[in-house]
Amino acid sequence: MSSADPVISPLHVPNDYVCKKDFRKVIDSEEKKLFIQDAKMIWSKMKDVKEKSKQAYFMPHDGYLKLWQLRKEKVRLADQYDAIFIDEAQDCTPAIMDVLLSQSCGKILVGDPHQQIYTKGAVNALRTDNHTHIFHLTQSFRFGAEIAYVSTTILRVCKGVEKILVGGKQKDGVCDELADKALEAMKTGVSPTPGKIGVLSRCDFGVCEGK
């Protein structure tokens with residue numbers, strides 16, 4: 001569903017899969033045909049609004065976007081807008097980019113490749129598409145100098161990024177000495193200290209659960 005292709009083909013079937021621990025099984029051409037056949041059947045049932053026999057046939061969000069991309073009457077956003085602002089471009093799928101980049105109006109892509117969180121089906125449009133102008137963020141007003149220094153150092157050491165990011169004038173710090181108090185504040189809704197506390201989590205659910 002994330003692909004920009006109009007039909008399912010052998011290119012969408014992986015060459016192998018894990019069937020046991022530390023053991024991968026190669027998918028031959030005949031087996032790929034079976035996968036494609038099943039995928040087409042499931043997609044057909046997903047498009048049927050009356051089909052509710054199995055949860056596997058429910059239409060997910062990526063499915064809505066795929067149907068939008070496959071419309072016979074192509075989307076013409078340029079008739080309504082002079083330019084399209086595409087935020088979080090590092091997490092866009094090929095299906096979405098196929099629609100947006102085909103528009104005749106101007107396109108502005110904004111994002112951060114280091115914040116890519118959707119690795120399944122998403123592409124980093126910031127790196128894969130031709131650009132007329134590229135601007136790099138050099139200063140952030142979301143945090144101060146200390147966090148900016150630590151994040152810049154991590155990117156330089158771990159990913160070889162040489163660009164320097166400067167923080168704002170606000171005071172901040174990088175420590176975990178208030179972690180227990182912050183967790184308690186999340187649960188009770190009462191902050192032990194004045195000011196703002198930022199909570200980092202691998203997902204939104206973790207923040208809501210206070211984990």
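Visitor: What makes Lys25 and Glu31 a salt bridge?

Guide: The closest N and O atoms of Lys25 and Glu31 are 3.3 Å apart. A salt bridge needs a side-chain nitrogen of Lys or Arg within 4 Å of a carboxyl oxygen of Asp or Glu, so this pair passes. Bear in mind that this is a predicted model: local features need pLDDT of at least 70, side-chain atom pairs count only at pLDDT 80 or more, and totals for chains, interfaces and linings use all residues. Residues are numbered from 1 along each chain as its sequence is written, and side-chain values use heavy atoms, with hydrogens and water left out.

Visitor: Why is the link from Lys25 to Glu31 also called a polar contact?

Guide: That label asks for a pair of N or O atoms within 3.5 Å; within protein, one must be able to donate a hydrogen and the other to accept it, and residues adjacent in sequence count only if both atoms are side-chain atoms.

Visitor: Where does Lys25 sit, and what does Lys25 touch?

Guide: Strand β2, residues 23-26, holds Lys25. Helices (H or I, at least four residues) and strands (E, at least two) are DSSP runs, numbered from the N terminus. Leaving out residues up to four places away in sequence, Lys25 touches Asn15, Asp16, Tyr17, Cys19 and Glu31, where contact means heavy atoms within 4.5 Å. Asn15 and Lys25 are ten residues apart in sequence, with 8.6 Å from C-alpha to C-alpha.

Visitor: Is Lys25 buried, exposed or partly exposed, and how do you know?

Guide: Buried means under 20% relative accessible area, exposed means over 50%, and partly exposed lies in between (1.4 Å probe, protein chains only). Lys25 has 32%, so Lys25 counts as partly exposed.

Visitor: How many salt bridges does the structure hold?

Guide: Five. Among them is the one between Arg24 and Asp16, at 3.2 Å from N to O. Arg24, at 47%, is partly exposed, and Asp16, at 28%, is partly exposed as well. Another joins Asp79 and Arg76 at 3.1 Å, and both of those residues are exposed. As a general point, side chains of opposite charge can pair when their charged atoms come close.

Visitor: How do you know whether Gln90 is buried or exposed?

Guide: The relative accessible area of Gln90 is 0%, which puts Gln90 on the buried side. Gln90 lies in the loop between β3 and α3. Beyond four places in sequence, the contacts of Gln90 include Val110, Pro113, Val123 and Leu126. The side chain of Gln90 also makes polar contacts with the side chains of Glu88, at 2.7 Å, and Asp91, at 3.4 Å.

Visitor: What is the phi of Glu88?

Guide: Near 50 degrees, a positive value in a residue other than glycine. Most residues other than glycine have a negative phi. Glu88 is in the loop between β3 and α3, and at 40% relative accessibility Glu88 is partly exposed.

Visitor: What makes the twelve residues of the largest nonpolar core a core?

Guide: The name goes to buried Ala, Val, Leu, Ile, Met, Phe, Trp, Tyr and Cys residues joined through side-chain atoms within 4.5 Å. This one has twelve such residues, including Val75, Ile84, Cys92, Val99 and Ala125. In general, nonpolar side chains in soluble globular proteins tend to be buried together. Val75 has contacts with Trp68, Val99 and Gln103, its neighbours within four places aside.

Visitor: Why are Phe85, Ile108 and Val110 called a nonpolar patch?

Guide: Patches take residues with over 30% relative accessible area and no salt bridge: like charges are joined within 9 Å, nonpolar side chains (Val, Leu, Ile, Met, Phe, Trp, Tyr) within 5 Å. Phe85 is at 54%, so Phe85 clears the area cut-off. Phe85 belongs to strand β3, residues 83-86. Together the three have about 270 Å² of accessible area, computed by the Shrake-Rupley method with a 1.4 Å probe, where for residues only the protein chains shown count as cover.

Visitor: How many helices and strands are there in the chain?

Guide: Seven helices and four strands. Of the 211 residues, 22% count as buried.
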